[in-house]
Amino acid sequence: MKKRTHALPEVNFSDEGPLRHLHLGTEWIQGSMLMDAPTELFHEYIQRMMAWLLFVEPDTVPKRQAMQLGLGAGSLTKFCAKELRMKTVAIELNPQVLTACRGWFKLPADNTRMQVVLADAALEIQDAKWWGTVDALQVDLYDHEAAAPVLDSFPFYTHCKRLLTPEGCMTVNLFGRASSFARSVEKISAAFGADAVWAFKPTREGNTVVLAQRTPSRPKREVLDARAEIIQTRWGLPAAKWVRVFKPMLK
């Protein structure tokens, strides 16, 4: 994969009542924060990026590691580090995004639990030091036009799979049910295996979150329901609804 050398967009923000939105020089929202609850996950699709929690024992979560490819407004990074108390690494290409998150979106400075690596995710994830270390890989890589994922190839998803622990999961935000969605799922299925891929129904805004497991499994409905109840009680995520609108792609 060639290094991307295109000019990086300007970063700005807008406030809308209790919300602050991150923009990359356009009207498209790249992430949001509730100003009086900065670690809360506001958008439904961002909440669904946490669906990997359904596949692990809740008490093991603080012992695990999360990685975000694309920092956005820092929502997932803050939630994993501060609410789930996981070791958390975010890979971000644009230094302006990191500056914006620290200045406008209450992202803490790097510490023993959380760090941001300024790098091209396509190249950084090929560093062997990350292989087999990630339990929750969250991929949300869109440019300023938000038209299609910036990284969306079979080799890229193969590298993503290599990052994961045996129980690890990748969640990907795919915007819209356009033809690019089918192509993206085809590439993810080719890299992970069709039996490892799960998907939500699209949100009202048109975001579809797809999950791929390093090791395919089919937890029983009662197991998912029990975990969903714990997730909802412990971390305030609408996991009971997830179980109703989240299915394996291969029945």
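Cys101 is buried, with a relative accessible area of 0%. A disulfide would need the two sulfur atoms within 2.5 Å. The model is a predicted one.

Cys169 is likewise in no disulfide; the nearest cysteine sulfur is again that of Cys80, at 13 Å. Cys169 is buried as well, its relative accessible area being 2%. Across the whole structure, the search returns zero disulfides.

## Fold and dimensions

The chain contains eight helices and 11 strands. Among its contacts with a separation of 6 or more, 68% join residues 24 or more positions apart.

For 251 residues, a compact globule would have a radius of gyration near 18 Å, and the 17 Å of the chain agrees with this. Taken along the principal axes, the box filled by the C-alpha atoms is roughly 45 × 40 × 35 Å.

## Burial and surface

Buried residues make up 54% of the 251 in the chain; the threshold for this class is a relative accessible area under 20%. Cys101 and Cys169 both belong to it.

## Charges

The chain carries 32 positive and 27 negative charges. The mean position of the positive charges and that of the negative charges are 5 Å apart.

Technical notes:
Residues are numbered from 1 along each chain as its sequence is written. This is a predicted model: local features need pLDDT of at least 70, side-chain atom pairs count only at pLDDT 80 or more; totals for chains, interfaces and linings use all residues. Side-chain values use heavy atoms; hydrogens and water are left out. Helices (H or I, at least four residues) and strands (E, at least two) are DSSP runs, numbered from the N terminus. The radius of gyration is taken over C-alpha atoms; the globule rule is 2.2 Å times the number of residues to the power 0.38. Buried means under 20% relative accessible area, exposed over 50%, partly exposed in between (1.4 Å probe, protein chains only). Contact means heavy atoms within 4.5 Å. Lys and Arg count as positive and Asp and Glu as negative; His and the chain ends are not counted. The place of a charge is taken as NZ of Lys, CZ of Arg, CG of Asp or CD of Glu.
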